[in-house]
Amino acid sequence: MKKDEHKHHDKETEKAIKENVKKYGWYIAQFFATDYLPSFAYTIGLWKNYGHPEIISFGFTIETLGAILNIAGEKIKSGEAIRTSHAYQHFFNSAKIQFIPVQIEYLPDYFGYGIWYNKDKPFPALQLVWSDRYDRFPWEADFEKEFIYRQPLLDRNVDFKFREPRNLAVATTRQWADLNKPILCVAYEEDGDWQFLTGDQEPKDIRMVAFEQLVLRDKSLNALFDLGYGEEANRSAVGGKWTRSKIVNEY
């Protein structure tokens, strides 16, 4: 959830957050998976009540995410400090988990309610990362491929937040490649193809480049890491606000 979405929180949710944090010590914000991004959930209140980093996790059902975050919350409430770089085995019946630090650049991307609750003041957070069926973590060799996109790792890659490989070939324009014109329209097709357009191109101007080249030149493109299949985003200039909408195909 983006930082500016706190304007759209309904009053009942805001009330529930405050009441749960006061009554239980924390609240768990939960978000269902989309066609592109995994489900996730995170705590609100651990930092205020216990001076402990908030915790986020990805990729399971909302019910499972809530259960494992509540286990972590109970441990913290009882005085146990969650350690990073340590394998825990009692959150699940079998799988191991580890906690990694969340880089502050990711807070606006995922912790919208948390930012609202903390009145726009930054706070520390940890990510609960789970292992695959062979007890391997995502950063280890041979981690099961079917789980790779189920939990983005928030301790790295702030320079390139997209889940695609950095060397993936994506479409852009001659005007961007040769004339250094800015990207003003980004389209993510239903079939998974990306287009980064300057707005003044013709079909003959299309060029293919490595995804990373675009983002390294213009870090503001990272704001579109969660653009969904069949969506596009437009802006009037670099630094301008992106307006998202469904792609309308003209036949």
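Predicted model: local features only at pLDDT ≥ 70, side-chain atom pairs only at ≥ 80, totals over all residues.
Figure 1. Most residues other than glycine have a negative phi. Ser85 is not a glycine, yet its phi is positive, at about 55°. Ser85 belongs to the loop between helix H3 (62-77) and strand E4 (97-101). With a relative accessible area of 68%, Ser85 is exposed. Asp135, also a residue other than glycine, has a positive phi near 65°. Its loop runs between strand E5 (125-130) and strand E6 (169-173). Asp135 is partly exposed, with a relative accessible area of 32%.

**Figure 2. Two edge-to-face aromatic pairs.** A pair of aromatic rings is described by the distance of the centres and the angle of the planes. The whole structure contains 26 aromatic pairs. In one of them, the ring centres of Trp130 and Phe147 are 5.7 Å apart and the planes meet at 80°, so this pair is edge-to-face. Trp130 lies in strand E5 and Phe147 in the loop between E5 and E6, so the pair ties together parts that are 17 residues apart in sequence. Trp130 and Phe147 are both buried. Phe196 and Phe211 form another edge-to-face pair, with 5.4 Å from centre to centre and 65° between the planes. Phe196 is in strand E8 (residues 194-197) and Phe211 in helix H7 (residues 211-217), 15 residues apart, and the pair links these distant parts of the chain. Both Phe196 and Phe211 are buried.

**Figure 3. An aromatic cluster.** One cluster of aromatic residues includes Phe31, Phe40, Tyr42 and Phe58. Also among its members are Tyr106, Tyr110, Phe111 and Tyr113.

**Figure 4. Arginine charges over aromatic rings.** Which ring lies under the charged end of Arg163? The ring is that of Tyr149, and the charged end sits 4.7 Å from its centre. The charged end of Arg217 sits over the ring of Trp176, at 3.7 Å from the ring centre.

**Figure 5. Helix H1 and its two sides.** Helix H1 spans residues 11-24, which is 14 residues. From its first C-alpha to its last, H1 reaches 20 Å, close to the 20 Å expected at 1.5 Å a residue. Which residues of H1 are buried? They are Thr13, Glu14, Ile17 and Val21. Seen down the axis of H1, the buried residues fall within an arc of 105°, so they line one face of the helix. They pack against strand E1 (27-31), strand E2 (40-44), helix H2 (46-50) and helix H5 (112-117). Lys11, Glu12, Lys22 and Lys23, on the other side of H1, are exposed. Just after the helix comes Gly25, with a positive phi of about 110°.

Conventions
Residues numbered from 1 in each chain as written. Heavy atoms only, no water. Helix = DSSP H or I, 4+ residues; strand = E, 2+ residues; numbered from the N terminus. Buried < 20%, exposed > 50% of the residue type's maximum accessible area, 1.4 Å probe, protein only. Phe/Tyr/Trp six-rings, centres within 6.5 Å; stacked < 30°, edge-to-face > 60°. Lys NZ or Arg CZ within 6 Å of the ring centre and 35° of its normal. Expected span 1.5 Å × (residues − 1). Arc of directions from axis to C-beta. Contact = heavy atoms within 4.5 Å.
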